[in-house]
Every structure is written in structure tokens, then in C-alpha cells.
Amino acid sequence: MDDTFSPYFVRGMHIVADGVMLVELEPRGSAVVWEPGAHIDVTVGDGTTRQFSVCGGQSGSLTIAVRHEATGSGGSSWIHDVLRPGWTVQIRGPRNHFVLEDSGRYLFVAGGIGITPLLPMLEKAAADGAAWELLYFGRTLATMPFRERLAGYGDRVRLLPADAPGRPPLADLLSPVEPGTLVYTCGPARLMDGVREVLEARGLGDDLRQEYFSAPATDEEAETGAFTVRLATSGRELRVDADRTLLDVLTGEAGADILRDCEEGICGTCETRVVSGTVEHRDHVLTRTEKEAGDCMMVCVSRASGLLVLDL
């Protein structure tokens with residue numbers, strides 16, 4: 001992964017929904033290339049970085065939409081309350097772990113600010129002549145950005161604010177999904193988990209592609225034990241203690257060159273091929289079938305039982 005940050009000029013900022021700021025960013029150097037699903041890392045006021053999906057851009061610029069999270073870690077508050085047009089910010093990327101795959105049919109399911117990575121996707125699907133629909137959930141219409149931008153698509157877009165009477169259950173909304181339709185979702189974990197449960201119950205889990213903004217909370221901690229990892233190319237074996245991640249051991253002790261990004265099992269950056277061993281999958285990227293195959297894993301969060309052999 002390229003860890004280089006580059007300066008971007010803040011060309012404009014404006015409100016696009018209640019609590020949502022659109023930020024236009026122009027690279028100081030050459031124009032950047034990005035594809036639907038891409039995200040960038042933005043350095044905020046305290047020197048840390050926050051990830052934001054690219055929702056558009058023209059003439060070499062990028063746009064992101066940032067919801068003001070008053071109870072968050074401070075990045076969105078800094079963008080809303082401190083950042084101003086004319087400033088320069090440091091940005092890394094774009095990078096893409098949520099790629100729009102080729103298909104003749106798509107269903108996009110967005111929740112709130114989760115519309116941001118999906119918006120360029122449906123625009124590309126429309127340009128390519130694919131069949132597609134969007135289910136767009138939100139608290140109220142006023143909190144749902146880009147409604148005007150979506151209006152031109154007519155009945156392909158279904159707005160589903162929580163305060164509207166008679167909103168159908170999620171299972172009913174997903175019942176028309178046919179096998180072979182790729183389903184892309186982004187939004188709150190509750191919505192994402194609900195979509196996954198409905199599709200997996202219908203045997204369509206492998207057609208689902210999801211991007212989480214943060215790792216979903218779980219009711220109980222998974223048991224964590226020590227195990228041994230062997231590097232197939234050298235035969236070297238390393239112990240992964242219960243209080244360490246496999247990623248830390250591989251990069252720290254073995255010096256393995258493994259890309260890392262979220263370190264929460266939600267981006268897919270650190271995917272590594274498994275030669276043999278029983279993997280304890282704890283990511284939110286692989287489908288159930290992919291996990292059952294056991295031939296790859298996300299080494300930032302997943303673990304193993306006994307001896308694990310990796311293609312490293």
C-alpha cells in the first residue's frame with residue numbers, strides 16, 4: 001500500500017442534507033483516477049486520518065460527503081466546524097476494496113450516508129445499460145443527501161425514510177431479488193446485517209457485496225487462543241499468542257509485506273491465501289461460501305486452530 005499523502009485544495013463546501021457536508025477536493029498535482037467504490041484517507045485537525053468514500057468528481061477533482069457525528073471521534077466535527085474552502089488538506093488514495101463487478105443486474109441498498117460509495121456505482125450501471133434499482137433508507141427525507149441527484153432515475157430509486165407511514169419490512173423489499181443479481185449495500189450495521197440474513201436465508205449470500213464504515217458490534221467476545229503459523233516459502237514457523245493479531249506477527253517478526261488498512265476486517269486489504277489449516281474467520285468481507293472454502297483469510301482479525309500454513 002502506498003502510504004504517501006498528497007496536498008489537496010478545498011475548492012468548495014456546501015450542505016446537501018441535514019448534517020451532511022459535501023466537500024470538493026482538487027489535487028495540487030496531477031489529476032487522480034478513481035473508480036466507483038473508492039475511498040480516500042483525509043488527515044483531520046488532530047493529525048489522525050479518517051476514511052471517506054468518493055461520491056463524485058470532475059475535471060480531476062474528488063468529492064466526499066461527511067455526516068456530522070457529534071458523538072464521533074472528532075473528524076466530522078472538524079470538517080464541519082473548522083475546515084473552510086481555500087484550505088489545503090493532506091490526502092492518501094484513492095484506493096478501492098469495494099469494486100463494482102460486472103453484472104447485468106444490480107440492487108443497491110443504502111442507509112443514510114452509506115449512499116456515498118453507491119452513488120457512483122449506480123451511475124456507472126446506468127451508463128452501461130445494466131438493470132438496477134436502489135433502496136435508499138434514512139431517518140427522514142431531510143437527512144438523506146443527493147435526493148435531487150437521484151430524482152432523474154424515476155422509479156428505479158425508492159426512498160424509504162423511517163418516518164414515512166407504511167414502510168414495508170426489509171424481507172418484503174428484498175423478495176423480488178433474483179439469483180444472479182449482485183447486491184451492493186452500505187450503511188448502518190443493523191441494515192447491513194438484515195440484508196445479509198435475508199439473502200443468506202434465500203441462498204443468495206454469495207451475491208452480496210458490503211462495505212462497513214466500522215466493524216459491527218458483537219454481543220460477546222469470541223474466544224482467542226494461541227496458534228502457530230508457517231510461511232510456505234521458507235518453512236519458518238511463528239507462534240501467534242492470544243493477545244496478538246496474526247497481521248502483527250507476520251509484519252513484525254517475519255517482515256512480511258502485507259497491505260493493511262482498516263485492521264477491523266471490513267476492507268479486505270490484508271487478504272492472504274491459505275495453503276492449509278482451519279481458519280477462524282472473523283471478517284465482514286468474505287461470503288459464507290468463501291469462508292467455508294478456507295483458501296483465504298483476512299489476517300488482521302481472523303485466527304486459526306492448530307497449525308496454519310500461509311502462502312507467504
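Q: In what order do the six strands close into a barrel?
A: In this predicted model, the barrel order is β1-β2-β5-β4-β3-β6, and the strands pair in the antiparallel sense. From one strand to the next, the twist averages 45°.

Q: How many bridges pair β3 with β4, then?
A: Five bridges link β3, which covers residues 39–43, to β4, which covers residues 49–56, and this pairing is antiparallel. As one example from β4, Q51 is the bridge partner of D41.

Q: Which helix lies across β4?
A: That is α2, residues 115–128, which lies across both β4 and β5 (62–67) and runs at about 30° to β4.

Q: What does α2 span, end to end?
A: With its 14 residues, α2 reaches 20 Å from its first C-alpha to its last, which is close to the 20 Å expected at 1.5 Å a residue. Just after α2 comes G129, whose phi is positive, at about 80°.

Q: And which residues of α2 are buried?
A: The buried ones are I115, T116, P117, L118, L119, P120, M121, L122 and A125.

Q: Switching to β7, is that strand mostly covered or open?
A: It is mostly covered, since six of the seven residues in β7 are buried. β7 runs parallel to β8, to which seven bridges join it, and β7 also runs parallel to β10, with five bridges between them.

Q: What does L107 pair with on each side?
A: In β8 the bridge partner of L107 is E133, while in β10 L107 stands opposite V183.

Q: Which hand does the crossover from β7 to β8 have?
A: The chain passes from β7 through α2 to β8, and this β-α-β crossover is right-handed.

Q: How many residues are in the largest nonpolar core?
A: It has 28 residues, and those with the most contacts inside it are Y106, F108, L118, W132, L134, L150 and Y184. At least two residues each come from β2 (20–27), β7 (105–111), α2, β8 (131–138) and β10 (182–186), and α2 gives the most, with six residues.

Q: What is Y184 in contact with?
A: Leaving aside neighbours within four places in sequence, Y184 is in contact with F98, V99, L100, E101, Y106, L107, F108, V109, L118, M121 and R209.

Q: Where does V229 belong?
A: V229 is in another core, which lies apart from the largest one and has 23 residues, including V249, V279 and A304.

Terms used. Residues numbered from 1 in each chain as written. Predicted model: local features only at pLDDT ≥ 70, side-chain atom pairs only at ≥ 80, totals over all residues. Heavy atoms only, no water. Pairing = 2+ DSSP bridges. Helix = DSSP H or I, 4+ residues; strand = E, 2+ residues; numbered from the N terminus. Axes fitted to C-alpha atoms, helices over the stretch in contact; angles between N-to-C directions. Contact = heavy atoms within 4.5 Å. Core = buried A, V, L, I, M, F, W, Y, C linked by side-chain atoms within 4.5 Å. Buried < 20%, exposed > 50% of the residue type's maximum accessible area, 1.4 Å probe, protein only. Expected span 1.5 Å × (residues − 1). Right-handed = clockwise from strand over helix to strand, strands pointing away.
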